[in-house]
Amino acid sequence: MYQQMIFVNLATNDVEASKRFFTALGYTINPQFSTDDCACVVISDTIFAMLLSKQRYADFTKKEIADSTKTSETLICLSAESRASVDELVDKAIAAGGTETGETQDQGFMYGRAFDDLDGHTWEVMWMDPAAVQG
């Protein structure tokens with residue numbers, strides 16, 4: 001069965017700094033799809049973040065590139081397998097230079113926190129009790 005993949009393309013001010021940030025979170029860089037102006041961050045078998053220099057990003061759009069430190073252009077939400085996993089990833093992001101953003105969301109069956117990466121892109125990390133999902 002075909003498994004659809006997602007490639008989230010994000011403009012970055014510094015590709016090398018972004019690579020260091022995301023590897024500090026435990027992700028890997030796929031060198032096959034990375035260059036001096038682009039890094040392919042492997043989040044899972046089907047999720048990839050393409051971190052593009054602003055010059056390279058401009059090759060794919062005619063629109064103005066948002067300053068993600070001032071404008072919210074996207075909210076990226078990643079699932080986590082436990083509450084502890086949420087805290088672990090967000091704490092790693094903060095230690096690597098990211099900024100915690102928003103309030104911790106704790107609704108008992110659902111728990112989440114969020115951080116902004118070095119370029120201001122917002123990443124939410126959420127855990128939901130599997131029993132709540134099954135209804």
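Biologist: Leaving aside neighbours within four places in sequence, which residues is Asn 30 in contact with?

Modeller: Asn 30 is in contact with Cys 40 and Val 42, once its neighbours within four places in sequence are set aside. This is a predicted model. Asn 30 itself lies in the loop between strand S2 (28-29) and S3.

Biologist: What does the side chain of Asn 30 reach, and at what distance? What makes that a polar contact?

Modeller: The side chain of Asn 30 reaches the backbone nitrogen of Gln 32, and the distance is 2.8 Å. The cut-off for a pair of N or O atoms is 3.5 Å. The pair at 2.8 Å therefore counts as a polar contact, being within 3.5 Å.

Biologist: Why is Thr 28 called partly exposed?

Modeller: The relative accessible area of Thr 28 is 47%. Buried means under 20% and exposed means over 50%, with partly exposed in between. Thr 28, at 47%, is therefore partly exposed. This residue lies in strand S2. Beyond the four places on either side of it in sequence, Thr 28 is in contact with Cys 40, Val 41 and Val 42.

Biologist: What makes Tyr 2 count as buried or exposed?

Modeller: Tyr 2 has 67% relative accessibility and counts as exposed, because the class begins over 50%. Its place is in the segment before S1. From C-alpha to C-alpha, Tyr 2 and Arg 83 are 31 Å apart in space, and they are 81 residues apart in sequence.

Biologist: Where does Ala 96 lie, and how do you know whether it is buried, exposed or partly exposed?

Modeller: Ala 96 lies in the loop between H3 and strand S6 (99-106). Its relative accessibility is 27%. Since buried means under 20% and exposed over 50%, Ala 96 counts as partly exposed. Among residues beyond four places in sequence, its contacts are Phe 21, Ala 24 and Leu 118. Ala 96 and Ser 18 are 78 residues apart in sequence, yet 10.0 Å apart in space by their C-alpha atoms.

Biologist: What makes Thr 12 count as buried or exposed?

Modeller: Thr 12 shows 1% relative accessibility and counts as buried, because that class covers values under 20%. Thr 12 is found in strand S1. Not counting residues up to four places away in sequence, Thr 12 touches Ser 18, Leu 51, Leu 52, Ser 53, Lys 54 and Asp 119. Thr 12 and Arg 56 are 44 residues apart in sequence, and their C-alpha atoms are 9.6 Å apart in space.

Biologist: How do you know that polar contacts join the side chain of Thr 12 to those of Ser 18 and Asp 119?

Modeller: The contact between the side chains of Thr 12 and Ser 18 is 2.7 Å, and the one between Thr 12 and Asp 119 is 2.5 Å. Both pairs are therefore within the 3.5 Å cut-off.

Biologist: Which residues of the largest nonpolar core touch the most other members, and which elements each supply at least two residues?

Modeller: The core has 24 residues, and Phe 22, Leu 25, Tyr 27, Phe 115 and Trp 123 touch the most other members. The elements that each supply at least two residues include strand S1 (6-12), helix H1 (15-24), helix H3 (83-95) and strand S8 (122-128). H3 gives the largest share, four residues. A second, separate core has five residues, among them Cys 38, Cys 40, Phe 48 and Leu 52.

Biologist: What lines the largest pocket, and which element gives the most to that lining?

Modeller: Of its 13 lining residues, Asn 9, Tyr 57, Ile 65, Ala 66 and Glu 73 lie nearest the centre. S1 gives the most, with three residues. The lining divides into five nonpolar, five polar and three charged residues, and the volume of the pocket is about 190 Å³.

Biologist: How many cavities of 30 Å³ or more does a search of the whole structure find? What makes a space a cavity?

Modeller: The search finds one, and the volume of the largest cavity is about 40 Å³. A space is called a cavity because a 1.4 Å probe fits but cannot get out. The residues that line the largest cavity are Ala 11, Asn 13, Lys 54, Ala 66, Asp 67, Ser 68, Thr 69 and Asp 119. They divide into two nonpolar, three polar and three charged.

Terms used. Residues numbered from 1 in each chain as written. Predicted model: local features only at pLDDT ≥ 70, side-chain atom pairs only at ≥ 80, totals over all residues. Heavy atoms only, no water. Core = buried A, V, L, I, M, F, W, Y, C linked by side-chain atoms within 4.5 Å. Buried < 20%, exposed > 50% of the residue type's maximum accessible area, 1.4 Å probe, protein only. 1 Å grid on protein atoms, 1.4 Å probe; cavity = no way out; pocket = protein on both sides within 12 Å on 5 of 7 lines; lining within 4 Å. Points joined across faces, edges and corners; volume = space filled by probe spheres on them. Nonpolar A, V, L, I, M, F, W, Y, C, P; charged D, E, K, R; others polar. Polar contact = N/O pair within 3.5 Å; in protein donor to acceptor, adjacent residues only side chain to side chain. Contact = heavy atoms within 4.5 Å.
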